[in-house]
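Let's take a walk through this model, one piece at a time. Have the sequence and the 3D view open side by side.

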Amino acid sequence: MEKVFRDPVHDYITVNHPVISELIDTAEFQRLRRIKQLGTSSFTFHGAEHTRFSHCLGVYHIAKRITDYFSRNFPLEWNPDENLLTQCAALLHDVGHGAYSHTFEGLFNTDHEAVTREIITSPDTEINGILRKVSPDFPEKVASVISHEYSNPQVVQLISSQIDADRMDYLLRDAYFTGAVYGQFDLTWILRVIVPTENGIAFKYSGMHAVEDYIVSRYQMYMQVYFHASSRSMEVLLQKLLARAKFLYASQPDYFAISSPCLVPFFEQNHNLQDYLRLDDGVMNTYFQVWMSHDDEILADLASAYVNRHLLKSITFDPKTVELEDLEILSSLVEEAGFNPDYYTGIHSNYDLPYDFYRPSSEKPRTEINILQKNGSLTELSVLSPLIKSLTGTIHGNSRFYFPKIMLENTEFTKYIVNDSLVINQNFTDRNSTASENTDDSVSKQLSLDDNL
C-alpha cells in the first residue's frame with residue numbers, strides 16, 4: 001500500500017515500494033528521528049530542530065523523482081533496474097549518523113560513514129534483513145553506492161557529487177528550518193534539466209543558471225549558517241564537556257556507569273554497533289543535565305553552560321601568520337583569570353570549497369558539474385559561467401579562538417583584538433618573547449575541531 005508523508009519542503013513524499021516502506025519502519029532508521037540534522041545549530045537558529053529522519057526521507061524523494069524521470073525519458077541511457085538501488089542508497093545514506101556526530105567523532109574516533117556501511121551490511125540489523133530479501137548481494141550493492149565504489153557512476157553521482165540528491169535536500173531543508181533564505185534555489189527546474197550520461201550525470205544548458213543559483217546558495221548557507229560562530233561555540237563547549245567527562249571516567253567509573261551508562265563503552269574505547277545505536281541526542285542531553293550537579297566544578301560548569309547556552313566568545317585568526325605560541329599568550333591570560341585553558345579555550349576551524357572542477361592529482365578529487373550543450377558536447381560549468389569561475393577552487397571560512405566571555409572585560413586581553421580578530425602588534429610580540437622563556441604545552445594539548453563539511 002502507498003504511504004504518504006507530509007513534508008514542509010517537498011509537500012508530499014510518496015512511498016509506493018514495499019522495500020522502502022519496510023526500511024523506514026526499521027529500528028535503525030527510526031532512530032534518526034532522535035538525531036538532529038544540524039546538531040548545535042539549533043542554539044543559534046531556534047527553528048532548526050529538524051532531524052536526520054526527515055532529511056533522509058527528502059533525499060529519497062528527490063532520488064525517486066530523478067530515477068522515475070530517467071526511466072520515462074532516457075530508456076537508452078538509464079537502466080530502470082537500478083531505480084530501487086538508487087532510492088535505497090538515498091534513503092540510507094545518513095543512517096549511521098550518531099548523536100552530535102561531528103563533535104562526537106572527533107573525540108571518540110567514530111566514523112558515521114563506516115557505521116552506515118556496517119548497519120547496511122551487518123546481518124544483525126533489521127535493515128540488512130530487508131535488503132537481503134531483494135537479493136543476497138543487495139546490501140553490499142547499497143553500501144558500495146554510499147562508499148562511491150559502485151560500478152555505475154550515474155548512481156553514485158546521484159547520491160554523492162557536487163550537485164546530488166543529498167545536497168539539494170539539505171540546503172532547502174536547512175534554509176526552511178533556520179529561516180535563512182540563502183539556501184533557496186529552483187529545484188523543480190534542476191530536476192527537469194538533469195540528464196544521465198555515459199560517465200555520470202549532467203545538466204542541459206537551459207538549466208545552467210538554476211545550477212549557478214544552487215552553487216551560490218550552497219556557498220551562502222555555509223558562510224551564514226553552517227559556519228556561524230555561535231553554533232561553533234556550542235560545538236567547542238560540547239567537545240570540552242565530553243573531554244572532561246572522559247578524563248574523569250578514569251578515576252570515577254562507578255559514577256559514570258550510573259549517570260551515563262551508554263557512554264561507558266566509548267570512554268573505554270571498546271564499543272560495538274549496538275552501543276553506538278543506543279546513543280541519540282536525547283540520551284546525551286539527559287546525561288548533561290545529570291552532570292550539572294557533579295562535584296567536579298569544571299564538568300558541572302561546562303554542563304550548565306551547554307544546557308543553558310552560555311556561549312564562549314571568539315575571535316578570528318589567520319593560521320598562516322599566527323603560531324600556537326601566539327595563542328598561548330591569550331590562553332595564559334585566561335588561566336590568570338582563573339579558568340583552566342584546557343577546557344575554557346579552544347580552536348575551531350571551518351573551511352569549505354564551494355565548487356571545483358575535476359583535479360585527478362588532488363587528495364579528494366571532485367566530480368565536476370558538466371553542462372550538456374545543444375550539439376551534444378559536455379562542458380565543465382566554470383568554463384561557461386563567469387560567476388562559478390570566480391568561486392572555483394577558492395577556499396572560504398575561518399579559524400576561531402574561543403574563550404570565556406568575561407575576558408572581554410580584561411583590558412590586557414582585549415588589546416590584542418581589533419574588529420573581533422587577533423592582531424599581532426608590538427605589545428603582543430614583546431609579551432610573547434617574555435612568555436617563550438617559560439613556555440608550556442597547554443595550547444598544543446587543545447584539540448582543534450576542523451569540520452571541513
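Start at Lys64, which sits in helix H3 (residues 52–73); helices here are DSSP runs of H or I with at least four residues, strands are runs of E with at least two, and both are numbered from the N terminus. Before going further, some ground rules: this is a predicted model, where local features need pLDDT of at least 70 and side-chain atom pairs count only at pLDDT 80 or more, while totals for chains, interfaces and linings use all residues. Residues are numbered from 1 along each chain as its sequence is written, and side-chain values use heavy atoms, with hydrogens and water left out.

So is Lys64 buried or exposed? Lys64 counts as buried because its relative accessibility is 14%; the cut-offs are under 20% relative accessible area for buried, over 50% for exposed and partly exposed in between, with a 1.4 Å probe and protein chains only. Setting aside neighbours within four places in sequence, Lys64 touches Thr14, Asn16 and Gln87, contact meaning heavy atoms within 4.5 Å.

Strand S1 (residues 3–7) and strand S2 (residues 11–15) run antiparallel, joined by 5 bridges, and 3 residues link S1 to S2. Two strands pair if DSSP finds at least two bridges between them.

Axes are lines fitted to C-alpha atoms, for helices over the stretch in contact, and angles run from 0 to 180 degrees between N-to-C directions. S3 and strand S4 (residues 200–204) are antiparallel, with 4 bridges, and Thr197 is bridged to Gly200 in S4. The open sheet has 4 strands in the order S3-S4-S7-S8, with mixed pairing. Strand S3 (194–197) and strand S8 (378–380) are the edges, each pairing on one side only.

Now over to helix H7 (residues 126–134), whose buried residues are Ile127, Asn128, Ile130 and Leu131. They lie on the same side of H7, because they cover an arc of only 165° around the axis, taken from the directions from the helix axis to the C-beta atoms. Among the elements covering them are helix H1 (18–24), helix H4 (83–92) and helix H6 (112–121).

The axes of H6 and H7 come within 6 Å and cross at roughly 55°. The contact is made by Ile119, Ile120 and Thr121 of H6, together with Ile127, Asn128 and Leu131 of H7.
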